[in-house]
Amino acid sequence: MSGTYGEELEMFRDTVRVFFQREVEPRLRQLANGTDEKFWHDAGRAGLLGIAIPQEHGGPGADPLALCVISEELGRSPAGATLGSCLNGDMTTMFLIRYGSEAQKRRWFPGILRGDVIQCMALTEADSGSDAASIRTRAVRDGDEYVINGSKTYISNGGKAGLIYAVVKTDSSLRGAGMSILLVPGDTPGVERRMLKTAGFPGGDTAEIFFTNVRVPAENLLGEEGQGLKMFLPVISLDRLQICARSQGAAEAAFALTLEYVRNRKIFGQRLIDFQNTQFKMADVETDITLGRALLNEAVRKYRAGAFTDADSSILKIFMPEMEFRVLDTCLQFWGGAGFVEEMTISRMFSAARVQRVYAGATELQKALLARRYLKT
Ligand SMILES: Cc1cc2nc3c(=O)[nH]c(=O)nc-3n(C[C@H](O)[C@H](O)[C@H](O)COP(=O)(O)OP(=O)(O)OC[C@H]3O[C@@H](n4cnc5c(N)ncnc54)[C@H](O)[C@@H]3O)c2cc1C
């Protein structure tokens, strides 16, 4: 196989890279407080949105691993740390592809492909993040509508999403088996938002979303009532894969950026790279990114073969973001004070790396999931 993803997706990587270099990086300052319409339309035109939507529904019908290519390049680009995980919002399209009714697909796919419809997955609540099954946002059936009450937080693209995948309890007496997903148009009365200023990802449109007596037609239910958590399971391993691909892209970019810097920076009459400490630390970084690439390659191979287990997914999510953070922390040190200045790419990449260890299942949650197997006799 050529590269990590195979020939076709490695060619797609060039498309993604060109998109970031030509359309996004020159506009980074404008995007620092959030994405704009031009960004989404450019992404749509470049073929980066709705990437796995089948051709019979007007999409490119690409291998869903294309999402990992986008994510890896998002990590590699100097723009990624600003944009956050906005483009990863396309992971939600996988729910529509897998579980959407024909009418839901016809309604939403064209706008997603063009970049007219920004999407968000609204699962996390203030009191339920890692323990997702404890969410309290409720949807009560009232005739041929659902009425939603509750709130969500830390939602990527939450400030702008025109399509909210609201994960709700349709039966509050149950945990996972009481969860359902409702498609909520962003302009539905009763939907309110509050932008959150985050330590990294300034353009990620991270927000709280409030639902107050929000009414949606019953046909906005995705899949079946009570199947919400089950629907997550097949998508979640791809989601973790794409986050880990981002870690790899970011770690490799930080290594390259820092190597160039230490070769040029002079202190005490010599180059920073001439200190043995720098050489050894950079050798540690290269070892880390080599291991990361090997693990990612293996994960992609297994995913394609249908052999990517929950344990594989946890191991990947434990290693990759921790590796990314280790790399960024080591690299940042060489930049001295410049590494703490927000306008420096390395500084923004460091902040971005921090959150990778937390969302989509924090490192400790992954360890707990992995370790469950040890308890079986
Ligand atoms: C920038 C950003 C974007 C996000 N985007 C989205 C989004 O689009 N949609 C969405 O629904 N959510 C999103 N989230 C939310 C994210 O998924 C949660 O923050 C994450 O699941 C952790 O939940 P929590 O914040 O409630 O932390 P908690 O669940 O309170 O966990 C706190 C800490 O406890 C530890 N911990 C967790 N589980 C265990 C365990 N089993 N054993 C021991 N220790 C443990 C970990 O160290 C963890 O960091 C986003 C968050 C951020 C910061």
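By class, twelve nonpolar, four polar and one charged residues form the shell around the ligand. The model is a predicted one. Of the 17 residues around the ligand, five come nearest: Met121, Thr124, Ser130, Tyr154 and Glu364.

At Met121, a backbone N or O atom sits 2.8 Å from a nitrogen atom of the ligand. At Leu123, a polar backbone atom is 3.0 Å from an oxygen atom of the ligand. Ser156 uses its side chain instead: a polar atom there lies 2.8 Å from a ligand nitrogen atom. The ligand exposes 980 Å² when taken alone, and the protein buries 65% of that area.

Two elements give two or more residues to the shell around the ligand, namely strand S3 (145-155) and helix H12 (363-371). Helix H12 gives the most, with three residues. At the level of domains, the shell draws on both domain 2 (120-224) and domain 3 (229-375), so the ligand lies between them.

The fold as a whole was examined next. The chain has twelve helices and ten strands. Its radius of gyration is 21 Å, close to the 21 Å that the globule rule gives for 377 residues, so the chain is as compact as a globular protein of that length. Along the principal axes, the C-alpha atoms fill a box of roughly 80 × 55 × 40 Å. Of the 377 residues in the chain, 53% are buried.

Backbone geometry was then considered at two residues. Phe201 has a positive phi, near 55°, although this residue is not glycine. Phe201 belongs to the loop between strand S6 (191-195) and strand S7 (207-217). Its relative accessibility is 7%, under the 20% cut-off, so Phe201 counts as buried. Asn213 is also a residue other than glycine with a positive phi, here near 45°. Asn213 is found in strand S7.

In summary, the ligand lies between domain 2 and domain 3. Helix H12 gives the most residues to the shell, and that shell includes twelve nonpolar residues.

Notes
Residues numbered from 1 in each chain as written. Predicted model: local features only at pLDDT ≥ 70, side-chain atom pairs only at ≥ 80, totals over all residues. Heavy atoms only, no water. Near = heavy atom within 4 Å. Polar contact = N/O pair within 3.5 Å; in protein donor to acceptor, adjacent residues only side chain to side chain. Areas by Shrake-Rupley, 256 points an atom, 1.4 Å probe, with all protein chains shown as cover. Helix = DSSP H or I, 4+ residues; strand = E, 2+ residues; numbered from the N terminus. Nonpolar A, V, L, I, M, F, W, Y, C, P; charged D, E, K, R; others polar. Domains from an automatic or database assignment. Rg over C-alpha atoms; globule rule 2.2 N^0.38 Å. Buried < 20%, exposed > 50% of the residue type's maximum accessible area, 1.4 Å probe, protein only.
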